[in-house]
There are 2 protein chains.
Amino acid sequence: MHNPTELQKIIEDAITQLAYPNKPANLYEPIKYIMSLGGKRIRPVMVLMAAELFTEEVSKALDVALAIETFHNFTLVHDDIMDNAPLRRGKQTVHEKWGVNNAILSGDVMMVESNKHLSKVHISVLKPVLDTFNQTAQGVCEGQQLDMEFETRSDVSIDEYIEMIRLKTAVLLGGAMKLGAIVGGADEKNSALLYQFGENLGVAFQLQDDILDVYGDPEKFGKQVGGDIIANKKTFLHLKANALIKAEETEILFGNHQSAEHKVAAVTELYDNYSIRNLAELEMEKYASAAFAALEKINIATEKKENLRTLASQILNRNS
Amino acid sequence: MHNPTELQKIIEDAITQLAYPNKPANLYEPIKYIMSLGGKRIRPVMVLMAAELFTEEVSKALDVALAIETFHNFTLVHDDIMDNAPLRRGKQTVHEKWGVNNAILSGDVMMVESNKHLSKVHISVLKPVLDTFNQTAQGVCEGQQLDMEFETRSDVSIDEYIEMIRLKTAVLLGGAMKLGAIVGGADEKNSALLYQFGENLGVAFQLQDDILDVYGDPEKFGKQVGGDIIANKKTFLHLKANALIKAEETEILFGNHQSAEHKVAAVTELYDNYSIRNLAELEMEKYASAAFAALEKINIATEKKENLRTLASQILNRNS
């Protein structure tokens, strides 16, 4: 079994060695670019970790790990177009650098690349791998659709929000775990438990993201603290506050403020008055507990689960 | 064996019966919309025809036929965004009706739907089916990229143009034939010959398209005759003329004209002076002959090939 740092290195090395055709250069350069921007490689590492619970040959899971990372980056390229985002990990987004049309098409071919990686898995697991991957990919698209629709809706409920982040963020973590389990040789029950672990962890992860956006340490957060508040983003915190506040306080959430800083300060104070951070943390812990409960139920030696426990703790206790 | 009309009905019925989730409605409605706009369903019919050369159970090939038709429609949705096209088959394009972001995302999920169809083929042919499909899909993306790049390039050679239409149009016809052959149970040699048949037919098909755009019967063509000339599109005819004309005639091809009608008339006269139509037809016949030669070599009873011969003749002798 490899430790998380070793697994991350396996992924980085494999990404570095990926070969794309030279031509048309403008189709493949954006893929190399986005894939090299880094990030924590959480999803492919999860694939390998899940596989290593059931096999000593981590290489068996590498193609699926690359498929998941390529798919994830494909969604970033297309999401950045839809969100009109200029920057990704501090660098120009693909559509900023190559234009929207090129970004659409490079994204499309990344989807094909994901499928090429997938098709290399052993024939004995090919069908369940495809089924799991396709279901995951479809869920992620549905989540992005809901996220876009929520921007213009004023009646989003907290249940709808949780369902949106489950689809947009969590099913991919669940899918990564399950795919790793399948190629590692897990039975259906253990694969399903790993899916639950990943999906619940994913919801907790996104709730933590919402909390950090308001309460993160500005020194460590890496993004502007309060960015969601400034953008009127319908996060868990926003929706929870909106459900609890008095009519006369809605002006604080939705009205005009003297400046962005004033708005962040006023809304944060409102959140504090209603213990919104605490409520969000309770919600997060609910999903974190469900993740750990699923992990406990997996029928393998408990010491093998240490990597996943550590990963989950890091994700949930991060400050950026 | 079914005749072409019966095969087309099998496809139409299957498309009508396709079920998509109800929610999010804006993600799945565009898929139903574009899939119902019709068209000749040439590609899925080709899949079924190829399969029927080797099996009596045409149903074996239906999933692959749906995958190919869904993929083709996905490329139409994304290409129409890139081309900024308002209409498709006389109706609003998806991005006109639902917006660009929605069209990107519905296209993405159509790619997933294609892969879901593919994953249903018998496990014994799943791997070659995936490999053939992924190679085809990648080629189509490369062709679209080249097509976009040619718009702003002034030094496109005829060889480059043929390579672009091979990728953008022809590999999908080749892939459709080969996929049908594989699921029908053909050996590698026959599958490869059917690929050659489809690909060469595809190049001939696109050259015929270029010719019809200028020399089509306005009553039957269904589009504005001379549209490519008005748009300065680098078709085979344009590139061939540009390679042959005298320096002082370049003004006719590239200069300003009194009106669109004048331009069409002047450029067509120029084409006539250099027998461009004839040269294009010779080029087309070269590919058509290569297609028929590949068909002849396929090792099955010659009467079974009748459907494909008829389809090819219809495609090459069409007037719209």
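Visitor: Which loop does Asn232(A) lie in?

Guide: Asn232(A) sits in the loop between helix 11 (227-230) and helix 12 (236-244) of chain A. Keep in mind that this is a predicted model.

Visitor: And what's the phi of Asn232(A)?

Guide: Phi there is near 55°, a positive value in a residue other than glycine.

Visitor: Is Asn232(A) buried, exposed or partly exposed?

Guide: Asn232(A) counts as partly exposed, because it has 13 C-beta neighbours inside 10 Å.

Visitor: What about Asn232(B)?

Guide: Asn232(B) has a positive phi of about 55° although it is not a glycine. Its loop runs between helix 11 (227-230) and helix 12 (236-244) of chain B. Asn232(B) is partly exposed too, with 13 other C-beta atoms within 10 Å.

Visitor: OK, prolines now. Which peptide bond in chain A is cis?

Guide: The one from Lys23(A) to Pro24(A), with omega near -10°. Pro24(A) is found in the loop between helix 1 (4-17) and helix 2 (25-36) of chain A.

Visitor: And what joins Lys23(B) and Pro24(B)?

Guide: A cis peptide bond as well, and omega is about -5° there. Pro24(B) lies in the loop between helix 1 (4-17) and helix 2 (25-35) of chain B.

Visitor: Let's zoom out. How many helices and strands are there in chain A?

Guide: Chain A has 16 helices and 2 strands. Its radius of gyration is 20 Å, close to the 20 Å that the globule rule gives for 320 residues, so chain A is as compact as a globular protein of that length.

Visitor: What does the C-alpha trace of chain A span?

Guide: About 60 × 50 × 35 Å along its principal axes. Buried residues make up 50% of the 320 residues in chain A. As for contacts in chain A with a separation of 6 or more, 74% are between residues 24 or more positions apart.

Visitor: Switching to helix packing. At what angle do helix 3 and helix 8 of chain A pack?

Guide: About 35°, with the axes of helix 3 (residues 42-52) and helix 8 (residues 158-184) 7 Å apart. Helix 3 of chain A passes helix 8 of chain A in a right-handed crossing.

Visitor: Which residues meet there?

Guide: From helix 3 of chain A, they include Met46(A), Val47(A) and Ala50(A), and from helix 8 of chain A, Leu172(A), Leu173(A) and Ala176(A) are among them. By class, that contact has 13 nonpolar, 2 polar and 2 charged residues.

Visitor: Now the dimer side of things. How many residues does the contact take from chain A and from chain B?

Guide: It takes 31 residues from chain A and 31 residues from chain B. On the chain A side, the elements that give two or more residues are helix 2, helix 4 (62-82), helix 6 (100-118) and helix 7 (123-151).

Visitor: Which of them gives the most?

Guide: Helix 7 of chain A, with 15 residues. The residues on the side of chain A that touches chain B divide into 16 nonpolar, 9 polar and 6 charged.

Visitor: What rotation superposes chain A on chain B?

Guide: A rotation of 180°, with 0.0 Å of shift along its axis and an RMSD of 0.0 Å. That is the relation of a two-fold axis. The same surface serves both copies, and 100% of the contact residues of chain A recur in chain B.

Conventions: Residues are numbered from 1 along each chain as its sequence is written. Chains are lettered from A and ligands numbered from 1 in the order in which they are written. This is a predicted model: local features need pLDDT of at least 70, side-chain atom pairs count only at pLDDT 80 or more; totals for chains, interfaces and linings use all residues. Axes are lines fitted to C-alpha atoms, for helices over the stretch in contact, and angles run from 0 to 180 degrees between N-to-C directions. Helices (H or I, at least four residues) and strands (E, at least two) are DSSP runs, numbered from the N terminus. A crossing is left-handed if the near helix is turned anticlockwise from the far one by less than a right angle, and right-handed if clockwise. Two residues are in contact if their C-beta atoms, placed from the backbone, lie within 7 Å. Ala, Val, Leu, Ile, Met, Phe, Trp, Tyr, Cys and Pro count as nonpolar, Asp, Glu, Lys and Arg as charged, and the others, Gly among them, as polar. A residue is buried if 20 or more other C-beta atoms lie within 10 Å of its own, exposed if 12 or fewer, and partly exposed in between; C-beta atoms are placed from the backbone. Copies are superposed by least squares on the C-alpha atoms of residues with pLDDT of at least 70 in both. The radius of gyration is taken over C-alpha atoms; the globule rule is 2.2 Å times the number of residues to the power 0.38.
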